[in-house]
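Colleague: I am new to this structure and would like to learn how to read its features. Could we take them one at a time?

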Amino acid sequence: MNTSQEFILTLSCQDAKGVVYAVSGLLYQAGCNILDSQQFGDVQSPDGTGLFFMRVHFEAPEHLADVATLTKLFANVRQQFGMDAAFHALSRKPRVLIMVSKHGHCLNDLLFRRQSGQLRIEVPAIVSNHPDFAELAASYGVPFHHLPLPTGASAEAKRAQERQVEQLITEHDIDLVVLARYMQILSPEFCDFLKGRAINIHHSFLPSFKGAKPYYQAHDRGVKLIGATAHYVTADLDEGPIIEQDVERVDHSLSPEDFTAVGRDVECVVLARAVRWHVEHRVLLNGHKAIVFK
């Protein structure tokens with residue numbers, strides 16, 4: 001697929017008449033070919049934000065096929081409507097740093113999807129507080145960084161380790177950080193550093209089944225649905241804007257180990273969808289919620 005002249009425009013602004021006309025008209029006048037366009041106005045409910053969101057996939061003529069040029073071209077429309085807008089070149093693969101602890105199913109799934117072309121991403125680095133998946137990373141040709149955190153590490157020690165991760169993010173020009181079952185609570189400073197560009201995965205039993213072995217707790221309670229939630233990372237633990245969720249049915253005939261296996265499969269699928277939608281620029285933040293253009 002030749003994407004050298006294809007771009008995604010994402011924008012949000014206060015809902016107003018003429019936004020779609022202004023955007024599509026400018027692209028048309030510039031000689032661009034709109035391939036797909038989606039929009040949503042959050043004005044339907046009393047608690048709506050009143051914001052308008054839009055995602056446009058288009059092909060630009062060769063002399064405009066550059067993010068800086070398109071951004072300059074769009075300046076007047078952006079100013080007119082007070083837009084938060086960005087252009088993204090499809091020819092550039094987003095750069096993703098993956099963080100993991102001792103459960104590697106989501107890590108392996110993401111690496112396989114990248115290797116097989118299902119996810120158009122680059123993975124310049126994997127970070128872990130345990131050494132367990134160094135060989136897995138090597139098998140995919142991805143540098144592995146073991147940044148240990150001893151049990152009971154102080155807040156200062158954890159923050160020092162996070163600064164090492166921040167340095168890697170900066171050095172490798174990372175667009176997205178994925179917590180692929182990275183089992184550490186992040187500091188408010190680190191969450192602020194990652195704002196809008198870090199995705200976490202957890203089982204949907206929260207907050208009902210907190211702590212160790214949630215699937216065993218769910219089995220003990222006889223639950224009938226197992227789920228997973230992918231969301232953006234915020235300083236409020238597991239409270240960030242939700243990107244994707246899914247469930248699978250289970251019953252009494254399954255063991256706690258079977259519950260865990262089903263749960264891991266759901267986690268992999270949900271996280272992969274969330275990562276793909278983010279790197280395809282399909283997710284726009286709307287306060288504490290996320291708008292997903294599928």
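**Reading pockets, domains and salt bridges**

Modeller: By class, nine nonpolar, five polar and seven charged residues make up the lining of the second largest pocket. Keep in mind that this is a predicted model.

Colleague: How many residues line the second largest pocket, and which lie nearest its centre?

Modeller: A pocket is read through the residues that have an atom within 4 Å of one of its points. Here 21 residues line the second largest pocket, and L90, R120, V279, E280 and H281 lie nearest its centre. The space in this pocket is about 460 Å³.

Colleague: Which elements each supply at least two residues of that lining?

Modeller: Those are the strands β3 (51–59) and β4 (84–89) and the helix α9 (256–279). The lining can also be read by domain: domain 1 (6–89) and domain 2 (95–292) each give at least three residues to the second largest pocket.

Colleague: How should I read the two domains themselves?

Modeller: Start with the bounds, then ask what passes between the parts. The domain assignment gives domain 1 as 6–89 and domain 2 as 95–292. Their C-alpha centres are 31 Å apart. In contact terms, twelve residues of domain 1 meet eight residues of domain 2.

Colleague: What area do domain 1 and domain 2 bury between them?

Modeller: Buried area is what two parts lose on being put together, summed over both. For domain 1 and domain 2 the figure is about 800 Å², with 58% of it on carbon and sulfur atoms. On the domain 1 side, F53, R55 and H88 lose the most area to domain 2, and together they account for 52% of what that side buries.

Colleague: How many salt bridges are counted between domain 1 and domain 2?

Modeller: The count between these two domains is zero. For the structure, the rule gives eleven salt bridges. One of the pairs is D173 with R92, whose side chains meet at 3.5 Å, N to O. This pair links distant parts of the chain, 81 residues apart: D173 is in the loop between α6 (155–171) and β8 (176–179), and R92 is in the loop between β4 and β5 (95–100).

Colleague: And what does a search for cavities of 30 Å³ or more find?

Modeller: A cavity differs from a pocket in that the probe fits but cannot get out. The search of the whole structure finds one cavity of 30 Å³ or more. About 40 Å³ of space lies in the largest cavity.

Colleague: Which residues line the largest cavity?

Modeller: The lining consists of L149, K158, Q161, E162, Y182, Q184 and I185. By class, three are nonpolar, two polar and two charged.

Conventions: Residues numbered from 1 in each chain as written. Predicted model: local features only at pLDDT ≥ 70, side-chain atom pairs only at ≥ 80, totals over all residues. Heavy atoms only, no water. 1 Å grid on protein atoms, 1.4 Å probe; cavity = no way out; pocket = protein on both sides within 12 Å on 5 of 7 lines; lining within 4 Å. Points joined across faces, edges and corners; volume = space filled by probe spheres on them. Helix = DSSP H or I, 4+ residues; strand = E, 2+ residues; numbered from the N terminus. Nonpolar A, V, L, I, M, F, W, Y, C, P; charged D, E, K, R; others polar. Domains from an automatic or database assignment. Contact = heavy atoms within 4.5 Å. Buried area = accessible area lost by both parts, 1.4 Å probe. Salt bridge = Lys/Arg side-chain N within 4 Å of Asp/Glu carboxyl O.
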